2 protein chains.
Amino acid sequence: MVTISATTIQIISVLISILAFAYAAWLFMWVKRQPSSNARIEQVGALIRDGARTFLRKEYLVLLRFAIVAGIFIFIFLPSPIWNGNIGANLIMVIAYFAGTIFSAIAGKIGIEVATIANIKSAEAAKKGIKLSFMAGFRGGAVMGMAVVGASLMGVALVYLLTQDGTALLGFSFGASSLALFAKAGGGIFTKTADISADLTGKVELGIPEDDPRNPAVIADNVGDNVGDVAGMGADLFDSNVASMAAALVMASALDKTVGGTTYVGMVFCYAALGLLASIIGVMCARIGKNGNPTNALNSSTYITTAIYTVLTAIATAVLGYEWRIWGACIVGLLVGVVIGIATDYFTDDSKKPVHFVAHASKSGPAFTILSGMSYGLLSVLPAMIGIGISALAAYKLCEPINPALSTDFAMFGISMAAVGMLSIVGMIISNDAYGPIVDNARGLAEMGNLGDEVLEITDQLDSAGNTVKAVTKGFSIAAAGLTVIALLGAFMSEVNTAAAEMGVAGLTGFDILNPMVFFGLLVGAAIPAVFSAMLMLGVDRNAQRMVAEIHRQFNEIVGLREGKADPEYNKCIDIATAGAIRELVPAGLVAIIATLCVGFIGGVQAIGGFLTGNIVSGLLLALLMSNAGGLWDNAKKYVESGHEGGKNSEAHKAAVVGDTVGDPFKDTAGPSLNTQITVVSLVASLMSTLFLAFSIF
Amino acid sequence: MVTISATTIQIISVLISILAFAYAAWLFMWVKRQPSSNARIEQVGALIRDGARTFLRKEYLVLLRFAIVAGIFIFIFLPSPIWNGNIGANLIMVIAYFAGTIFSAIAGKIGIEVATIANIKSAEAAKKGIKLSFMAGFRGGAVMGMAVVGASLMGVALVYLLTQDGTALLGFSFGASSLALFAKAGGGIFTKTADISADLTGKVELGIPEDDPRNPAVIADNVGDNVGDVAGMGADLFDSNVASMAAALVMASALDKTVGGTTYVGMVFCYAALGLLASIIGVMCARIGKNGNPTNALNSSTYITTAIYTVLTAIATAVLGYEWRIWGACIVGLLVGVVIGIATDYFTDDSKKPVHFVAHASKSGPAFTILSGMSYGLLSVLPAMIGIGISALAAYKLCEPINPALSTDFAMFGISMAAVGMLSIVGMIISNDAYGPIVDNARGLAEMGNLGDEVLEITDQLDSAGNTVKAVTKGFSIAAAGLTVIALLGAFMSEVNTAAAEMGVAGLTGFDILNPMVFFGLLVGAAIPAVFSAMLMLGVDRNAQRMVAEIHRQFNEIVGLREGKADPEYNKCIDIATAGAIRELVPAGLVAIIATLCVGFIGGVQAIGGFLTGNIVSGLLLALLMSNAGGLWDNAKKYVESGHEGGKNSEAHKAAVVGDTVGDPFKDTAGPSLNTQITVVSLVASLMSTLFLAFSIF
């Protein structure tokens, strides 16, 4: 048995993060080195890149304002009001918060930069065969994966190295989450606004093709794919990853204080760093043969990463003498994550019954598309809920006996380690997920650049693999968020008890459902995700109306636009999508945060315990329903388009298109934003615990 | 102060029930005495009546089989396994169970009989003006209201008089619930199967009008309105009403045992009996002027009943020396119920923003109808959840200080009394609710009987009032079910603790969310309403396919049917709707019950506590979403049909029809069945508490 101090492990974590960045840089250069010779593709690609940059700049400017306001608030009130005298702690908290936002923003920026290059390269490479085209798409995605996980591990390690304080980590995590809330929901509103507006005015009103450059919204639409799917998803998983480590470290540092030593903090960093290492190796191993199957290539690299992680952590546990039970919790989380991903796949895969049923039902009209898709979406909730429940239960029971005197503390720590385990392979997951929009864009570029049918066949195959894998990664990321927020519930209690001890009042032993405050919080908390997702969807609706008006204006005022003799003002549409997205997002995000503050200041920490629980339960339910129903409708439409149930332009196809349009904001705006919403609410509750204890009405 | 024993109050309750039955009989005779002279209306009316009877007979036959199997199971295992020696208790439980099913079945049967007469009378009476037509519809509905509440109060009082045992009441309540599960979900599948099939084949394929007698499904469609809306809704509120009294009495008898005396049991019966009395007076007061507004007439009789109840119970509380705090809990429940009903109205009323927004969005196509309706449906969850939370919290806090040594017991009893208070005016609510389908049918009959435009104008006005009031009563009944199951959670704990005391093991003090068993149960419990409603909706889908095939067969095989020279075989369609409804219902109901048993036998009573909570939270969420979105779509369609956003046959209208079709199984099959599902699951848990304590794996 070897003993290494937690500080050493933190330094090693930083080094592995640097390794991940170096590898990301190598991948980035590799992608950039790939040839691109088609002027048309280059031109459209540049427009998309500029649009994405415009959006990010605007978004980050708004975020900066929000961050400054939030930062002032944090400085005054957190972790405890400034008039209590400890200004230093408040300053650290503010710095940690800003660091969280900055790290997250940088990871998103890197992802966008590479994605808007890799799409061009992948399209071009398809001329030489599937192998190079796949590698361009996958390695482009992997840059994002490495950057996100590298940034999260490095950020957490640096903050902890400098502060040695779990609460500061919650501040860092809140910074990451508040950015993710903007990036994911804002990106989601942006992309669906542009998508719907472009389709309505272009395809429906004018009868011009989907990617016709005369349409002022067409670049905004392509930009949306990047900012919504690449940057948004990256910010979301950055946020989950940081939150899971923060929750584990809050409990680990409390355990270390009680037991003595730094074992548990070290363990969290060790397992997280090995996850990044496993992901690096997994990305390196990703290969596809000349005529290989891209879906298999993506899935097998996920399984390889999982296996490598299991072996590496087992070796570390043996060598460093860690508790095998905690290792077990970690691996349970990982395996359940994979299993949930596979179960999710069943409901959205176009070779399985649900997609066939919905496609067949579409023959009877759009109402049946919606009803059958909603039904399967509702059914799809069950396996994930059971899976999350089992992993939490197993982790708890595994770690409970470690120390009889601290059974609950170890048990809750076990749950947080299950979340860390589930998120350990997140570098690989992001790589797979970001691959999707890149090859999707590549397919569009190949079509616009007239690269020929053979190339389109290849890009179609790559795109289809992206869709299949996306379902798995979406299920995975919801499950990971679920387990993370359960762990945050434990972190919340830990924070409350620390504060209660300092204030000399009684702490919490739990949250009793039969306590009416808890139950009240539970009911209100359960309503928040419903309100949040409704506001986002109504936001898309209103924003699309604004953009449609602008498109009409351009067609009326710009002479020659209709004939293709003048260029449209693409940036005006991008501005509208951007401004609208951020305007519509702010109220929804604020409602969630303000509701948390209201419940906390009215009902106190008991009500907040119920509130978080209700929020988790209904957030998971709606996120799973919306993501899976949306994915199912999307694939049912594609299934019909591929010639089934009447094929393109049949009645079934028209109905399936309605399903797909409903599914778009379900799966790309509201559904995935709920992940972030439940995390943000949990973090706000933990950060505010002292204030809730001191100032609540009841 | 006057002292009256609980037994006396129970006898008085039985007498008031008899009074209600007598009044129902008088109303029934009054309706029957109204003239009907139109042969065409008589003929169609008779077909509908026969169809409804056929359905009820078949449904009750299936239920009989289910009841026998359940009865055998109950006899062997409940309240404790028969080999423990106490056969008498098991026999009482079985008898109570059967009594519950029989009382509920009779109430449903009475409702159907009068509704299928009152529709004819109301159509005919419209020739003489709105006044008599309204009275025929309302008094027809009131027969149902009086019968349901009379039967529930009489049943509960008789069972308690004979057994003096709260647990036996749970058996009675379970009997009522299992019938309600069939009646509501089965009726819901029946009515939507027929509705969709008739529309698809008649209006869409053949282009014949909605109520064309050549369509083999047309009678099934009208039958569905009666069995779904009248009998199903009656069974649902019978079930909620019985369950709320049972929950209150379980806790009251436990309190009486501890404190001594029979005060609290007496109080439950007193308040419940006064509710029935207030409803009788309210129904008597319902009047409409010659040119009066039917909506105002219905709403004002609800407010009159509420006021009368408040005064009557205040007098009783003063005279009998009851606790004012408990009276307060009761009134809080009542007022919150009314407020929730009004809030629900906002989301479905065609003079309010949500309906206008959805109608306007429909201009952009059906996807926007669905998205905007879903969004408002999600928003509508908030006021009801907050209302239920506040009433539970207020009732708890009001009753907690009554006895410091028994604060939790009194507090939980307070919640159950809030549920009793909310349900006190249920006789009035059912009268208003059953009025809807009667005048809806009357409108159709008036059209088929060619009674002229003036009559149609009157029936339209009555129908529109029915729709408006329906939204209020639906919100009310979901809220009542919510509060009832919260009270049942208290009853469950009371049952567990009684059993634990007998077994000499530790009882429960609550359900801690951080207990992993509770959390596991919470997640699984939250998934069950999703699965249950998905199964019902898929059931409607499959069943409609069977019926469409049968309609096609009849048009192909029956010579002269298409030309109107031969009659279709209406009963075949009714048989298919009936058989299919029951076949599709059984798996859904069983999944809910079996999931409860699995969680209980695996995770024990802690897991069940979480399971019930998750089930309540997600059940309320989905029920509110589905009922309100469905009602909103229905009214948005009607709003467009009345000439807005392009009017009939516009693009907006086509889109609104899609919304309405999606909303049909939402609001009439899945949504309202969830009420019953959460009640059944709560009752199963309470009844099985001893077995879960004794035989669970963990």
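Residues are counted from 1 along each chain as its sequence is written, while chains are lettered from A and ligands numbered from 1 in the order in which they are written. Because the model is predicted, local features need pLDDT of at least 70 and side-chain atom pairs count only at pLDDT 80 or more, whereas totals for chains, interfaces and linings use all residues.

Start with how the copies are arranged. Two copies of a chain are related by a rotation about an axis and a shift along it.

Next comes the meeting of the chains. In all, 58 residues of chain A are in contact with 58 residues of chain B, where contact means that the C-beta atoms, placed from the backbone, lie within 7 Å. On the side of chain A that touches chain B, helices H11 (366-379), H12 (381-399), H15 (453-503), H16 (516-557), H17 (570-641) and H18 (651-687) each supply at least two residues. Helices here are DSSP runs (H or I, at least four residues), numbered from the N terminus. H16(A) gives the most, with 15 residues. Sorted by class, this side of chain A has 43 nonpolar, 12 polar and 3 charged residues. For that sorting, Ala, Val, Leu, Ile, Met, Phe, Trp, Tyr, Cys and Pro count as nonpolar, Asp, Glu, Lys and Arg as charged, and the others, Gly among them, as polar.

Inside chain A, helix H3 (residues 87-125) and helix H6 (residues 218-259) have axes that come within 9 Å and cross at roughly 145°. Those axes are lines fitted to C-alpha atoms over the stretch in contact, with angles running from 0 to 180 degrees between N-to-C directions. The residues making this contact include Gly100(A), Ser104(A) and Gly108(A) of H3(A), and Val230(A), Gly234(A) and Phe238(A) of H6(A). By class, the contact of H3(A) with H6(A) has 9 nonpolar, 7 polar and no charged residues.

In chain B, Ala105(B) sits in helix H3 (residues 87-125). Ala105(B) is buried, with 25 other C-beta atoms within 10 Å. The rule is that a residue is buried with 20 or more other C-beta atoms within 10 Å of its own, exposed with 12 or fewer, and partly exposed in between, with C-beta atoms placed from the backbone. Back in chain A, H7(A) is mostly covered, as 19 of its 23 residues are buried.

Finally, a look at the backbone. Most residues other than glycine have a negative phi, and most peptide bonds are trans. A cis peptide bond, with omega about 0°, joins Leu78(A) and Pro79(A), and Pro79(A) lies in the loop between helix H2 (39-77) and H3 of chain A. The bond from Leu78(B) to Pro79(B) is cis too, with omega near 0°. As for phi, Asn649(A) has a positive value near 65°. Asn649(A) is in the loop between H17 and H18 of chain A, and counts as exposed, with 10 other C-beta atoms within 10 Å.

Technical notes
Contact = placed C-beta atoms within 7 Å.
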